[in-house]
Number of protein chains: 2
Amino acid sequence: MAVYTDVAADELADFLKQYDLGELLSYKGIAEGVENSNFLLHTSAGSFILTLYEKRVAKNDLPFFLALMTHLAEHGINCPLPVKARDGEALRELSGRPAAIITFLEGMWPRKPNVSHCAGVGEALAKMHLAGANFTIKRANALSVSGWRPLFDAAASRADEVQPGLRGFLAAELDHLSSGVWPTDLPEGVIHADLFNDNVFFLGDRLSGIIDFTFACNDMLAYDVAICLNAWCFEPDHSFNVTKARAFLNAYGRVRKLTASEEAALPLLARGAAIRFLLTRLVDWLNVPPGALVKPKDPLEYVRKLRFHQSVTSARDYGLMPSGLVA
Amino acid sequence: MAVYTDVAADELADFLKQYDLGELLSYKGIAEGVENSNFLLHTSAGSFILTLYEKRVAKNDLPFFLALMTHLAEHGINCPLPVKARDGEALRELSGRPAAIITFLEGMWPRKPNVSHCAGVGEALAKMHLAGANFTIKRANALSVSGWRPLFDAAASRADEVQPGLRGFLAAELDHLSSGVWPTDLPEGVIHADLFNDNVFFLGDRLSGIIDFTFACNDMLAYDVAICLNAWCFEPDHSFNVTKARAFLNAYGRVRKLTASEEAALPLLARGAAIRFLLTRLVDWLNVPPGALVKPKDPLEYVRKLRFHQSVTSARDYGLMPSGLVA
């Protein structure tokens, strides 16, 4: 939850004069998103989301995010559409911060995802991967293998405060993942890279939209699949639900079939995805400023997930049938 | 800002089946209100606010608040109208907490109130006082004179940590206010008791509504006026803006004329209002739980306001013309 920057009513009303969105009727800071300040606007033209990008998001990346959402929306993906002001630009400035207005998507994110939700996510992720194929702007993934070591270095000296032995556990895993085993020849494209349950909306059982592209980048498509295995297929008690994983992977495969190499790499990619979220959560956990408005997420959840992936021997353990078969 | 309790989508959809509000389309936790969890709902019937009452609000008081809003709305006051479920009851339970849905008021609260806003508040407050006259349910003001001593006792030992000498300053003021000078014979009725700028909405210069009746109670009407002098008529640098005060008092007086006794009591009532907010803020300031999502408000703002009121010799210092004259 996050509203870091408040905006005055007259300032916002002035800002809206740059758009064809009618009269401002109300705006509420909303308790979603941990990186930026988000407001739900009602104007005489409808409902919109106003985002003020806080400093953790690099300003140079914003054109990528906005162009990507526009591209995906134009290619049939249900995601917010950036609203262009009268001068044709969606990216603007408000209260000294980069700001953009996007269309509001109705729908609810599932607090307790079920098998049907996981299947919906698999289908939507694959469609997003296909729709992103001809998107031309590139953005490197700053949170892939080479980005993990600096996070580890930032947290290592205090890691054992969070759990005894955590420092050694992380060091060993990082050494393994950076020993040359990380794949380099898998199909690449635009990935969401943060498709957790609070970024996917449903109306009833129907997926109504995907939001929050602030981690989107170019990387292996199967890495996005591995992130979702972490994000969607574990229960609150940290046990792995293979029925959810199978539903997710099968739904993905019906839209975009994983190659044999991608399937074989899944356990390793899932370990990488687990350590990526473990490390960013750990750094956040150790660096909560006094009076912080955001409660950090528990990094230890990802220690358990990582241990599970370490025990996996093949993609079959994720419920995937051998290539060519469908459950 | 506050969302203390999250609600699952299916749980909320089930809850809404008790109402005639159509299908749930979305809900967002909103960063307003510090006592309760508030969500902005979109349903096929429109926009609504769902409130989950957290433990600081006494459950026994909820029927008073809801009945008062209904009464005021039916008597022409622009305030949220509690929505009754099919069984005729507005007060229900959700996620183990008392819960109610109220209509959504469009409008923006002024971050930087101007003279025109102050006049709007004066007029609306007086209309609310008149509209409340025939409301029959009673609720005592737990935060009047007799409620201040326990707050002081809770904070006294650490008050000087916040500002050296604060304990003695508060003790002397409390002794004065509880020495028999506090008025007992002024006109009473239903007061809002918390009409700060984040509880008053405007569309342009027009006041569109008053919200948040969780401190409403029976007390002297002029005490509500004194609270607004504190809440609306000081600048961010804590200086008193007599032009705003005059606009507020004159607008109030055009709807409901203050009696001579009320006018004479204003400086004392304003001191009481200042110490009431000073004490609750001080207790909150000294008791922020680790990991708190709510940033406490600065109690020292009210030390400065209280010192100003101590220096006031008559209501004329608030910009009020002698009784019978209007500026």
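Over all chains, the structure holds 26 salt bridges. One of them links B:Glu54 to B:Arg97, with 2.7 Å between the closest N and O atoms. B:Glu54 sits in the loop between strand 3 (46-52) and helix 2 (62-74) of chain B, while B:Arg97 belongs to strand 5 (residues 97-103) of chain B, so this pair ties together parts lying 43 residues apart in sequence. In general terms, side chains of opposite charge can pair when their charged atoms come close. Everything reported here comes from a predicted model, and side-chain atom pairs were counted only at pLDDT 80 or more.

Next, the way the two chains are arranged. Chain B superposes on chain A through a rotation of 180° with 0.0 Å of shift along the axis, at an RMSD of 0.0 Å. That is the relation of a two-fold axis. As for how the copies meet, 100% of the interface residues of chain B are interface residues in chain A too, so the copies come together through the same surface.

The contact itself involves 31 residues of chain B and 31 residues of chain A. Putting the two chains together buries about 2,800 Å², and carbon and sulfur atoms give 62% of that area. What about charge pairing across this interface? The count between chain B and chain A is 0 salt bridges, but the rule does find 11 residue pairs in polar contact there, both residues being at pLDDT 80 or more. On the side of chain B that touches chain A, strand 1 (24-29), strand 2 (37-43) and strand 7 (200-203) of chain B each supply at least two residues. Strand 1 of chain B provides the largest share of that side, with 6 residues. Sorted by class, the side of chain B facing this contact has 19 nonpolar, 5 polar and 7 charged residues.

There is also an interface to look at within chain A. This chain is divided into domain 1 (9-103) and domain 2 (115-318). Their contact takes 18 residues from domain 1 of chain A and 23 residues from domain 2 of chain A. Taken over C-alpha atoms, the centres of the two domains of chain A are 27 Å apart. Between them, domain 1 and domain 2 of chain A bury about 1,800 Å², with 72% of it on carbon and sulfur atoms.

In chain A, A:Arg139 forms a salt bridge with A:Asp61, and their closest N and O atoms are 3.1 Å apart. The rule also finds 4 residue pairs in polar contact across the interface of the two domains of chain A, again with both residues at pLDDT 80 or more. By class, the side of domain 1 of chain A that touches domain 2 of chain A has 11 nonpolar, 4 polar and 3 charged residues.

Definitions and conventions: Residues numbered from 1 in each chain as written. Chains lettered and ligands numbered in written order. Predicted model: local features only at pLDDT ≥ 70, side-chain atom pairs only at ≥ 80, totals over all residues. Heavy atoms only, no water. Domains from an automatic or database assignment. Contact = heavy atoms within 4.5 Å. Buried area = accessible area lost by both parts, 1.4 Å probe. Salt bridge = Lys/Arg side-chain N within 4 Å of Asp/Glu carboxyl O. Polar contact = N/O pair within 3.5 Å; in protein donor to acceptor, adjacent residues only side chain to side chain. Nonpolar A, V, L, I, M, F, W, Y, C, P; charged D, E, K, R; others polar. Least-squares fit on C-alpha atoms with pLDDT ≥ 70 in both. Helix = DSSP H or I, 4+ residues; strand = E, 2+ residues; numbered from the N terminus.
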